[in-house]
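The sequence and the structure come first.

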Amino acid sequence: MAGCFTWIKADPMGIRIVPADAWIDPSRPVERALITHGHADHARGGHGTPLATAQTLAIMAVRYGVARGTQVAEYHDPIAIGGGVTATFLPAGHVLGSAQILLEHAGERVIITGDYKRSPDPTCAPFAVTPCDLFITEATFGLPVFRHPPIRDEITKLLAARAANQDRCVLVGAYALGKAQRLIAELRAAGWNEPIYLHGAMETMCRLYETLGIDLGDLRPVAGVPKAALAGAIVICPPSALNDRWSRRLPDPLTAMASGWMRVRQRVRQRGVELPLVISDHADWEELTSTICEVNPAEIWVTHGREEALLRWCELNQRKARALALTGYEDEDE
Amino acid sequence: MERFAGLLDSLLLTPSRNGKLELIASYLRETPDPDRGWALAALTGAIDFPVIKASTVRGLMADRVDPVLWSLSRDFVGDTAETASLLWPEPQAARNEPPPTLGEVVTILSRATRASAPIVLSSLLDQFDTAGRYALIKFATGALRIGISARLAKVAFAQAFGVPVDDVEEYWHGQQPPYSDLFAWAIGTAPAPRTDQLPLFRPFMLAHPLEDLTIDLTDYVAEWKWDGIRVQIVNVGGDTRVYSRGGDEISISFPEIAGALNIPAVLDGELLVRGTVQGGEAGGAASFNALQQRLGRKAVSKAMLNEAPAFVRLYDLLILDGEDLRELPWSERRRRLEGLMPQLDPERFDLSQIIAVKDMDALGEIRAVARDSAIEGVMLKHRQSPYVAGRRAGLWYKWKREPLLIDCVLMYAQRGSGKRSSFYSDFTFGCWNGDPDAGAELLPVGKAYFGFTDEELRFLDRHVRQHTVAKYGPVRETDRSLVFEVAFDSVHISKRHKSGVAMRFPRIHRIRQDKPAHEAERLETLRALIT
Ligand SMILES: [Zn+2]
Ligand SMILES: [Zn+2]
């Protein structure tokens with residue numbers, strides 16, 4: 001049972017598995033890296049032999065080129081990584097290929113969640129609740145004000161705004177990996193079968209998702225489409241393109257942003273969008289806290305995000321917890 | 001209430017002035033009475049339920065949310081009403097009745113007593129969704145703070161119904177929420193409300209900044225811009241009132257002024273406190289600091305009346321003996337004002353003198369010297385100008401003094417409120433109390449939260465996070481490595497600061513990444529600027 005977890009070290013550049021001389025999501029290139037998922041702040045280029053799910057490795061190959069050697073992890077399939085440590089990748093429900101990593105050593109079970117969410121997502125496998133002794137969790141939306149509404153409600157808002165503005169186009173800012181594809185898949189599920197137009201920066205990931213078996217329907221590059229033909233259309237772009245020169249090619253775009261931060265008005269104002277859509281790939285407060293209850297670990301470490309509030313919740317609920325204050329994780333656009 | 005909540009949210013997300021005007025105007029056109037009147041009252045800050053305060057909301061939340069989680073949430077969100085609206089527990093049972101309208105909310109809230117306020121507010125909160133709760137709290141506590149000025153709301157009102165905004169301003173002050181007569185007049189179902197027999201505030205005439213314009217002093221007259229507060233004194237039917245810039249009545253804080261005018265007239269001037277700093281020869285005034293002691297007081301002691309007696313330096317005459325002079329040229333109003341002076345109590349009223357100069361160069365020289373006497377600058381008024389509400393091009397200009405500049409070192413930062421709640425945007429900076437190479441210390445001399453661009457704000461926020469040496473609640477102490485050029489209007493003696501000085505209107509003028517901290521200014525430089 002629970003001991004002291006001395007074989008796991010939190011270093012500013014990532015989580016180190018001491019006996020295996022390996023790292024999880026390190027922020028600098030290392031020889032042996034276990035990668036939870038493909039977001040750039042977790043999966044960096046230049047590692048010797050990254051160990052990750054096939055989808056994550058495919059995403060990394062698109063971004064950084066093929067690594068010298070790679071090792072594929074199947075979900076739920078334990079892998080000996082040396083030094084008497086076993087690693088098992090478990091679905092995290094965050095983006096395609098995302099995983100929690102269960103480490104077992106000396107009779108102790110440690111889970112590193114990476115980024116995760118609990119709400120359903122047609123583009124990735126759902127989070128697998130797994131008991132452990134030490135639960136190393138993210139806390140991106142670790143404040144009780146964060147309550148992500150059902151995504152169907154937000155999709156309904158988006159379609160209603162489109163219908164009410166037929167002479168404009170709706171331009172949705174969404175992170176290129178995960179958020180965009182989930183948004184598209186949910187639009188399809190809600191019956192939107194028209195072509196969805198993409199900013200150039202979204203195309204590669206969408207095509208990759210399709211290659212990996214996620215059907216996204218009729219997607220078209222926005223480049224070259226005459227302005228008039230985009231009236232009444234839905235266009236998806238990276239958040240950074242929402243207010244830049246690029247968007248001038250669109251017919252009076254109604255700007256929307258899909259992000260968990262859109263729950264807070266001042267964040268909406270900073271983004272300068274007309275239509276905030278509260279859609280997140282991360283667990284909200286309810287999910288973060290109820291997951292801890294379900295997993296019921298002896299100890300909790302918090303990697304990044306609003307850790308102070310989650311630590312306070314742990315204190316109020318008599319759970320042993322500490323913050324790791326890992327740097328290098330960006331959460332602005334998630 | 002749903003429409004009002006929608007209006008608030010749209011206003012928050014619409015940065016352009018025209019966009020805001022259109023939103024308010026269409027709301028006013030399309031919403032029935034009395035809801036639109038109550039909304040207008042909220043937008044113009046004219047509504048207040050004294051038993052419902054921000055502390056009522058905080059009290060309700062304290063019963064429902066852990067105090068640490070509350071303060072972390074509040075700190076992140078940056079707004080009490082919004083934080084409460086997000087954290088309010090969703091009622092278990094589905095709402096089956098439609099939530100109350102704004103008018104119904106007013107009825108319910110105005111019946112609340114101090115004792116019943118928490119229960120009244122909480123049962124209302126249970127009836128709304130997140131957006132409705134936010135709007136309700138903003139409305140009930142009377143603190144909208146959504147960047148809408150009362151003026152903008154009045155312009156929107158004028159735009160909604162196609163009536164002149166000057167008329168709206170004029171009639172406004174005689175009306176009470178929900179402004180049924182005003183709406184009836186605007187939509188043409190009732191005559192204009194009468195104002196001439198009421199001691200009403202008349203909108204001030206304001207000046208444009210002069211900037212690079214050169215003007216001919218044969219057409220314009222130059223006058224000092226005194227560093228007090230602009231007031232209007234209205235006497236109608238034996239009733240005298242003193243109004244400040246926004247039309248707020250301040251008679252109660254300045255009874256000696258309200259008691260001194262017994263001629264039916266409307267006067268425009270600068271409220272000052274007797275002293276030797278401003279315009280010494282002409283029977284002087286004290287610095288702005290002295291006046292500040294008198295502002296916002298509900299009761300004024302005898303001692304205070306003796307120590308800091310107020311008087312008004314008159315600029316203009318709007319109405320005399322029931323005759324509206326506002327259409328007359330400035331020179332004619334001035335002639336009548338001068339003629340009126342002998343009838344006014346000289347202890348309470350004097351005349352703002354005209355500066356006799358022949359051209360702008362000569363005026364520039366006089367103005368440059370004026371810094372020492374704590375005069376805000378110079379006014380230039382067209383001799384033919386009528387007295388019109390607001391700023392009108394070509395009539396009045398203000399020529400402010402150049403700001404003073406000084407290099408200071410960033411010492412502490414605190415998260416801002418509102419739009420900047422997730423950024424460190426309130427900066428405390430200091431100067432050296434001697435030679436930094438000989439062991440001098442930095443002492444805080446001021447605090448600034450504006451003057452920078454959004455990009456500079458992001459830079460500053462990052463700098464603070466990367467250079468934090470200690471945290472005290474929401475405040476971070478930095479490693480004192482960053483130099484700002486701070487612009488300010490003047491320096492005063494301050495007992496609250498360890499440095500003994502305080503700046504007036506400090507703002508960040510430039511970030512001086514090129515400058516090492518030890519080259520920042522010393523306190524002695526600031527002390528030499530004390531006025
Ligand atoms: Zn991620
Ligand atoms: Zn992340």
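A residue is called buried when its relative accessible area is under 20%, exposed when that area is over 50%, and partly exposed in between, with a 1.4 Å probe and protein chains only. The model is predicted, so local features need pLDDT of at least 70 and side-chain atom pairs count only at pLDDT 80 or more, while totals for chains, interfaces and linings use all residues. Residues are numbered from 1 along each chain as its sequence is written, chains are lettered from A and ligands numbered from 1 in the order in which they are written, and side-chain values use heavy atoms, with hydrogens and water left out.

**Zinc sites**

Donors are N, O and S atoms within 2.8 Å of the metal (3.2 Å for Na, K and Ca); water is not among the atoms, so sites may look incomplete. A:His37 is buried, with a relative accessible area of 1%, and A:His94 is buried at 0%.

The zinc ion (ligand 2) is coordinated by A:His42 (NE2) and A:Asp115 (OD) at 2.2 Å. A:Asp115 bridges this ion and the zinc ion (ligand 1), with 3.6 Å between the two. A:His42 lies in the loop between β4 and β5 of chain A and A:Asp115 in the loop between β10 and β11, so the pair ties together parts 73 residues apart in sequence. Helices (H or I, at least four residues) and strands (E, at least two) are DSSP runs, numbered from the N terminus. Both A:His42 and A:Asp115 are buried.

**Salt bridges**

A salt bridge is a side-chain nitrogen of Lys or Arg within 4 Å of a carboxyl oxygen of Asp or Glu. By this rule there are 48 salt bridges over all chains. Three of them are listed here.

| Pair | N to O distance |
|---|---|
| A:Arg118 and A:Glu294 | 3.3 Å |
| A:Asp121 and A:Arg182 | 3.9 Å |
| B:Arg415 and B:Asp75 | 2.8 Å |

B:Arg415 is in strand β14 (residues 404-415) of chain B and B:Asp75 in helix α5 (residues 67-77) of chain B, so this pair ties together parts 340 residues apart in sequence. B:Arg415 is partly exposed, with a relative accessible area of 23%, and B:Asp75 is partly exposed at 24%. In chain A, A:Arg118 is partly exposed at 28% and A:Glu294 is partly exposed at 44%. By contrast, A:Asp121 and A:Arg182 are buried. These two residues belong to a network of salt bridges that also includes A:Lys117 and A:Asp281.

**Helix packing in chain B**

Two packed helices are described by the angle between their axes and the distance between the axes. The axes of helix α1 (residues 2-13) and helix α9 (residues 130-141) of chain B come within 8 Å and cross at roughly 90°. Axes are lines fitted to C-alpha atoms, for helices over the stretch in contact, and angles run from 0 to 180 degrees between N-to-C directions. α1(B) and α9(B) are therefore roughly perpendicular to each other, a term for angles of 65 to 115 degrees; those under 35 count as roughly parallel, over 145 as roughly antiparallel and the rest as oblique.
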